[in-house]
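Visitor: Please show me the model. Then take me through it in short steps.

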Amino acid sequence: MKPQDIENIELQYLTLDDYQELKGAMQQAYSSMPELFWREKQIKTLIDKFPEGQVVIKINNQIAGCALSIIVDYDSIDDIHTYEDITGNYTFDTHDAAKGDALYGIEVFIKPEFRGLRLGRRLYDYRKEVCEKLNLRGIAFGGRIPNYHKYSTEMTPKEYIDKVRRKEIHDPVLNFQISNDFHPVRILKGYLEGDESSGEYAVLLEWDNIYYEKPTKKAATMKKIVRLGLIQWQMRLYKDLEELMQQAEYFIDAVSGYRSDFALFPEFFNAPLMAENNHLSESEAIRELAKHTKSIVQKFSEFAITYNINIITGSMPEVKNDLLYNAGYLCRRDGSIERYEKLHVTPDEAKVWGLQGGSQLKAFDTDCGKIGILICYDSEFPELSRILADEGMDILFIPFLTDTQNGYSRVRHCAQARAIENECYVAIAGSVGNLPKVHNMDIQFAQSMVFTPCDFSFPANGIKAEATTNTEMILIADVDIDLLRELNQFGSVRNLRDRRTDIFELRKK
């Protein structure tokens, strides 16, 4: 049929009134196996059990194609199964709407005269919509390989599939399924009795629902739209720790007033307290500053609970086993606390302050998904953020402290690169102003920002929000986690999925 001959196309639920026409259409679609058609009793059972899963496409009120499916408990399915197994010997007792978590496709066909109109894509798109609507984790089915019989004496099914994927062999069914985002998982031997064209082999194909939310007994749900509150901190002299924490609370109050999920402070935001020890050497003064860290963390944890916000404390000097580290804390709003460290210290930090590089690197679980935290210079080492991405990181936070514009530019451009290559959001927050009475902390240059990947669902320049340069302020930005899932599956480029892990690997020791 030609497109100009089409008066209307409709996707409809299958009914028993359609049965005789359905039977004839199926016999035409499977002309090499004329006895391969569903009996009326079987169609009635499917419609009774799962009406949403049984649909037909009609062109000019004539059945042009059909898709049938059931819901199964995917973990209960044997890795190697047959068509009879999955359909319960064609009784569909395997359908389990209550406990099932996956849509299993048991039939898709298009009548020969209607092929070439991309009707199969419509049926697959409908299945994906049902899967998302019912919060199922994905779609699976055994896909025929009808051209395999031409090559069965030359190659194994696995070799055949590899050549189809490389476009060396054309298989109309498998090519179509792969083009619709289904990925081969394994070979199923003896899948469909009588399928001589495929040698009775099939390919188990899967499609993952990126919006799937695993059922939980907890009242809380994972947030999909996450609001970030970045604090561009003004370096100024404070009378004491209490006054500094009053200023910190002021900003926390402000960003939580906008219902932010995170508050991000800069690296060494508490440096003004070194002024009282300016008569000491730089290395001695920063060790005196480290004595405040425990109290600051405790206060931040209290703020996190009181203001119902997750606080990333930037960083502070901390002494462990008589060694000086640059460390920070994630203070969650549920009261829990976790520590992170600066892994790479700059030459100046090592020479002037005697700072040691840390050794802890991991992604943190939060009520807004997994996050990573890298302190300033660490953002310039792409291996770190890639490891965090492999651990499931959605948002990378980078507290920083830079004195000059060229130093800031290194952090800023590396942070944006991390967003693109790891398909994540990156938030950076720094300090502005100056501290004339603190050695080695003369001036600060900063522009806090939120970066995104660069694709159609995101800003073209990859910048979600940006603060005014060198001005004390807060920056509020919303980021949509679902957009990252879409990017990973359907992006113009897919940096994480397209990595050549066959020729290199990255691992944490």
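Guide: Start with a definition: buried means under 20% relative accessible area, exposed over 50%, and partly exposed in between (1.4 Å probe, protein chains only). This is a predicted model, where local features need pLDDT of at least 70, side-chain atom pairs count only at pLDDT 80 or more, and totals for chains, interfaces and linings use all residues. Residues are numbered from 1 along each chain as its sequence is written, and side-chain values use heavy atoms, leaving out hydrogens and water.

Visitor: Is aspartate 502 buried or exposed?

Guide: Aspartate 502 lies in the segment after α13 (481-490). Helices (H or I, at least four residues) and strands (E, at least two) are DSSP runs, numbered from the N terminus. Aspartate 502 has a relative accessible area of 58%, so the residue is exposed.

Visitor: Which strands form the edges of the open sheet?

Guide: Six strands form this sheet, in the order β14-β15-β16-β17-β20-β21, with mixed pairing. Two strands pair if DSSP finds at least two bridges between them. Each edge strand pairs on one side only; they are β14 (364-366) and β21 (463-466).

Visitor: Which residue in β17 is the bridge partner of isoleucine 395?

Guide: Strands β16 (residues 395-399) and β17 (residues 425-429) pair in the parallel sense, over five bridges. In β17, isoleucine 395 has as its bridge partner tyrosine 425.

Visitor: What separates the centres of domain 1 and domain 2?

Guide: The chain is divided into domain 1 (9-208) and domain 2 (225-490). These bounds come from an automatic or database domain assignment. Taken over C-alpha atoms, the separation of the two centres is 50 Å.
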